[in-house]
Amino acid sequence: MTAAVVEARGIGRVLPGPVPVTLVEGIDLSIGEGEFVAITGPSGSGKSSLLYLLGLLDRPTSGTVILEGRDTAEADAAELAALRLSKLGFVFQFHFLLPEFTVLGNVMIPMRKLGGSPEAELRTRAQALLEDLGLGDQAAKLPSQLSGGQRQRVAIARALANRPRVILADEPTGNLDTKSAQTVFDIFARLARETGTTVITVTHDEGLAAQTSRRVNLVDGRLVTPGVR
Amino acid sequence: MARPLLLDLALTHILGRKRQTIVSVLGVALGVGFFIAMAALMQGFQGYFVDTVINASPHITVRDQFREPAVQPVAAAFRGGAVLLHGLKPRDEIRGIRKAGTIVSALSEWPGLSVAPSLDGPVILRYGSADKSAVAIGIVPEREVRVTQLEDDMVEGHLTDLASAANGIVMGLGLASKLGAKMGDSLNAISPAGVILRVKVVGLFRTGIVSLDEGQAYILLKKAQILQSRANVINQIRIRLMEVDAAREVAARIEALYGYRTESWQEANEGVFGVFRIQNAIMYSTVGAIMIVAAFGIYNIISTVVYEKSRDIAILKSIGLTEADIRRTFLMQGLMIGMIGAVLGWIIGFGLTSLLGSIRFDVGGMVRNDRFFLAWSLSHYWIGGMFSLVASAVAAWIPARRAAAANPVDIIRGAA
């Protein structure tokens, strides 16, 4: 077994309030390099919550998330942001592209934040990413001029901008037609296979989930499949 | 597109709301512009007034008075005891500065001081059927010219003509015109002591300060002593300094040495400076009010942007921008509005000041003048600029902090 890229140790998340709500609890999960994992389960079972915890977008109220062997329990907000920037990439159900920026501009945002290379080089890399996802000729357009499937692919390109170790996708095909959805999943499968990128996606589409290399099933905030192999 | 990412984000945000941005910028610009024009106007007037006051009167005046009433012998004998005296009347003294000659010659030795003795007292000036009360100041002309700039204010004749004419008098232009007297006219001066002196107008002055021009006349010290029946008495020592601003300290030193009440020009015009302070307070609060309104405009536009762009903020945070990045992005927008507003305000301020400078009118009052006195000062531009930057930074800070604190998970869940 390869070393775990993302590891959850007994994580739980409780929303505080007069009546505390448990989103997920007691989750042990270990995901290795190049795995393509589907998190499935009925609505409200805590799929997205788990994904946000694994993606360091939210903090667990118990347990800890270990990213590439680093325990993130003690990291402050800025350190988590830095990890998200360099190691993780998010794709959501909604594309969340900035409407004023071109397609290329959107893909370049994470690159520019990370910095370290001259602008021209970033531009070339972003263009190559778009070519790779079949959007080479759309680079100068605004997101509003693209179709839903194209926008979602731009969002994937943006998630891939800083060559992350893990892609986290939250219902990435939720707003797409079957054909576009299949394209997105093909891209994920290829990424996992060819570049060793770990892909974790939340979906409730059984057909798509069947195409992944591993399924993690959640019911009422608890894993019903073994999380650690 | 070599701009930094945050600046790029900030620009898209404010350029996305052009009209609101322009209104906010104009708000700041008007605030800064008015401040500059008002500051130029007020400081110009105050500066002119102070100059006039300083030049027209001595910098320090030693009077034949004491600040504290004399201690009664019985109170001195029972120091700390409770002393009550009934029917106490002040002693009927011959007023005047004792040993004035010694004091004058001693003070003359101090560096940077010009000293002139004088005796002033009330007189009635009578010319034909016109009666006017005035203060007749007895002076030694050759000393006086070194103490006040009265000589420069002479419209006709010279102060030194007092010495050459038998019974010369130099009076304010306003006083002369009220009496109907002209150069060379003879009139009667009557003192409270009952002495009547026939005097001849040998000079007229105009200081620009109405109370002086209409209420003062100068005669020789010797004649004043005769007129007031106070032989060899002087009741004022007038002093001019090289260093105008040292007046307060020098006055305190003289008073400590001789005990006589010694007034600096600042103390003598305390009331006027109080008015100036109130004027400045009014100016700053008016400008402050304009800037607060402008700040609300900035607050409004940035709050709107924060609300509208909450999804963008969420995704930027998920990408890995820190809270500080988000805060800076919105703070920058406020500062950009503030800066553009300040520069525009400088132009407006400059224009308004020039406009005020070109206006001519005729107004009498405490001071007679025909135009606005304007103080051109770079510091007004700096203060105005700082005002607007601080206001816009504070106005932007509040929504910027809110944006930075937003939880991306909540926004993404809400949007999905």
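Guide: Start with A:Val37, which stands opposite A:Arg214 in strand 9 of chain A. Strand 3 (residues 36–40) and strand 9 (residues 214–219) of chain A pair in the parallel sense over four bridges. Two strands count as paired if DSSP finds at least two bridges between them. Helices (H or I, at least four residues) and strands (E, at least two) are DSSP runs, numbered from the N terminus.

The model is predicted: local features need pLDDT of at least 70 and side-chain atom pairs pLDDT 80 or more, while totals for chains, interfaces and linings use all residues. Residues are numbered from 1 along each chain as its sequence is written, chains are lettered from A and ligands numbered from 1 in the order in which they are written, and side-chain values use heavy atoms, without hydrogens or water.

Now the whole sheet. In chain A, six strands form an open sheet with mixed pairing, in the order 6-7-8-3-9-10. Strand 6 (88–91) and strand 10 (222–223) of chain A are its edges, each pairing on one side only.

Next, the helices. Helix 1 (residues 47–54) of chain A lies across strand 3, strand 7 (166–170), strand 8 (198–202) and strand 9 of chain A. Helix 1 of chain A runs at about 155° to strand 7 of chain A. Helix 5 (residues 148–159) of chain A also packs on the sheet, touching strand 6 and strand 7 of chain A. The direction of helix 5 makes about 165° with that of strand 6 of chain A. Axes are lines fitted to C-alpha atoms, for helices over the stretch in contact, and angles run from 0 to 180 degrees between N-to-C directions.

A:Leu88 sits in strand 6 of chain A. A:Leu88 is buried, with a relative accessible area of 5%. Buried means under 20%, exposed over 50%, partly exposed in between (1.4 Å probe, protein chains only). Beyond four places in sequence, the contacts (heavy atoms within 4.5 Å) of A:Leu88 include A:Leu56, A:Leu67, A:Pro164 and A:Val166. A:Val199 is 111 residues from A:Leu88 in sequence, yet 10.0 Å away, C-alpha to C-alpha.
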